[in-house]
Amino acid sequence: MTHPLPPPQPEPTADPTTAPKAPVFVPAQAGPPADEIPADALAPLPARDGDEPSFAVAADRSQWRYRPRRAFWRSRVVRAVAVITLLALCALVILALVREQTGTEGFLVGLGLAVLPVPLLMAAFRWLDRVEPGPWKNLLFAFAWGAFAAALVAILANSFAVRWIATATADPRSADDLGATVIAPVVEESAKAAAILLLFLFRRRDFRSLVDGVVIAGFTATGFAFTENILYLGNAFGEDQDLGDGGIGAVTAGTFFVRVVMSPFAHPLFTVLTGIGFGLAALAPRGKVRRPRKVLLPLAGLLLAMGVHALWNGSATFGGPLAFYAVYGIFMVPAFGLLTWLAVWSRQKELRTIAGVLPAYAAAGWLSPEEPLALSSMRARRTARAVAAGRYGKAGARTVGEYESFATTLAFLRERARRGTVPVPDFAAREQELLHHLWERRATASPALSYAARATGRVWVPPQYLDYGGYNPYKG
């Protein structure tokens, strides 16, 4: 059970002529009992408008986890250059292969049509991630991996497998059907899952919840579907050209309707199942059962994604149009609706977590009483940024946005510590570091958030005094 922080109490002083010391702040007890918190985890808390508090447990600024010092070969610049180079090479190869299969004109037509659903899908997944948004660099990496690296692995592996099966069975048609139904789901979902796995392992600080898994998986699958649609639409355009149509004919229009209008969510739906597995693994508490969960949950999500993908491809390959539309209407649309509800529910749960955790810091004096209410409402957050922008310009809005981000991170840090996923010493240092970031920005952000809480109805405000011709309904 999480106990609220006690209000600050002043320490007695030996000399009455000396200014009193700052009150003592006891850090939030997030999970572990009070006797397990180290003695040096106590940080003095001043009045809200007083001197800067002391952050005794937090590491030196040069060693903060947000700005760590690394060796050259471990620097972010070196890693970023290596990743960008790898993805650029994959992009050159996969786009060259697609252009070779579709022709230059078909490639350009396919590219122009395939890009249409991409902004809508990216905006939808980014909307889910607005409570505690992940870095854009992670999402762009996921999209690029899906569009270039995963697509390249898929086209090479699928082609090799189909040729091998055709040679072994002397039945090219069966090899194509088997490749689309069995080989493609396994290869494609595994290639897309690699991006989620890499971010789960190397960007673990940004991969903390089920929503993170859904969003990263969605961006990866959107990139993969983008490249795949270029190939399918380019080939369809080539077939129309062979049939003598001067422009976009029936084959291209039909392919566009099925892949872009009817089922733009197909690949995101498959891969989101893998992302949910990784998201649940990120939520697993520390202990003996955590390691099996970190392996079994992502593996279960991946196998489920492969199964749903195989069902989708098999309905089109073996069942004909009737079976395809039956699977689409009976299974795919309800599954998409269910996953959408799950993602929205997870986002609302994050807001409820903020509303339930941050009042402990308000009771200790770090936040005003209205701030937890404002921070747990996306509308109030927008209002606070708008108020700060109107008074202080873009810099003020940016300051409030940073304050909201740090406060949200603080709430989830405390919640993860309560579940046992953050060790006590690490929690104390990270908590004080985040409190320091809040303290630096509170002069601008706190009044804006308090106003936003009242303006959006998060805090009840009594009606203004009204006197109707001498009659006052508030007087007896």
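**Notebook: helices, rings and a few buried residues**

I started in helix α9, where tryptophan 341 and tryptophan 345 are about one helical turn from each other because they lie 4 residues apart. (Helices are DSSP runs of H or I with at least four residues, strands are runs of E with at least two, and both are numbered from the N terminus.)

A note on what I am reading: this is a predicted model, in which local features need pLDDT of at least 70 and side-chain atom pairs count only at pLDDT 80 or more, while totals for chains, interfaces and linings use all residues. Residues are numbered from 1 along each chain as its sequence is written, and side-chain values use heavy atoms, leaving out hydrogens and water.

**Entry: helix α9**

I looked up the extent of α9 and found residues 320-357, 38 residues in total. From first C-alpha to last it reaches 53 Å, close to the 56 Å expected at 1.5 Å a residue (the expected span is 1.5 Å times one less than the number of residues). I then found a kink of about 35°, centred on tyrosine 328; the bend at a residue is the angle between axes fitted to the seven residues ending there and the seven starting there.

**Entry: rings**

How many aromatic pairs does the structure hold? I get 11. (Rings of Phe, Tyr and Trp, the last by its six-membered ring, pair if their centres lie within 6.5 Å; planes under 30 degrees apart are stacked, over 60 edge-to-face, and the rest tilted.) One of them joins tryptophan 312 and phenylalanine 324, tilted, with 4.8 Å between centres and 55° between planes. This pair links distant parts of the chain, with tryptophan 312 in helix α8 (residues 290-317) and phenylalanine 324 in α9, 12 residues apart. Both tryptophan 312 and phenylalanine 324 are buried (buried is under 20% relative accessible area, exposed over 50%, partly exposed in between, with a 1.4 Å probe and protein chains only).

Back to my opening pair: tryptophan 341 and tryptophan 345 are stacked, 6.3 Å centre to centre with 20° between the planes. Tryptophan 341 counts as exposed because its relative accessibility is 52%, while tryptophan 345, at 37%, counts as partly exposed.

I also noted a cluster linked by ring pairs: Phe265, Trp312, Phe324, Tyr325, Tyr328 and Phe336.

**Entry: arginine 208**

Where does arginine 208 lie? I found arginine 208 in the loop between α4 (172-202) and α5. Is arginine 208 buried or exposed? Arginine 208 counts as buried, because its relative accessibility is 13%. Its side chain makes a polar contact of 2.7 Å with the side chain of glutamate 132 (a pair of N or O atoms within 3.5 Å; within protein, one must be able to donate a hydrogen and the other to accept it, and residues adjacent in sequence count only if both atoms are side-chain atoms). Arginine 208 and alanine 284 are 76 residues apart in sequence, yet 10.0 Å apart in space, C-alpha to C-alpha.

**Entry: leucine 87**

At 9% relative accessibility, leucine 87 counts as buried. Leaving aside neighbours within four places in sequence, leucine 87 is in contact with Phe141, Ala144, Trp145, Phe148 and Ala149 (contact means heavy atoms within 4.5 Å).
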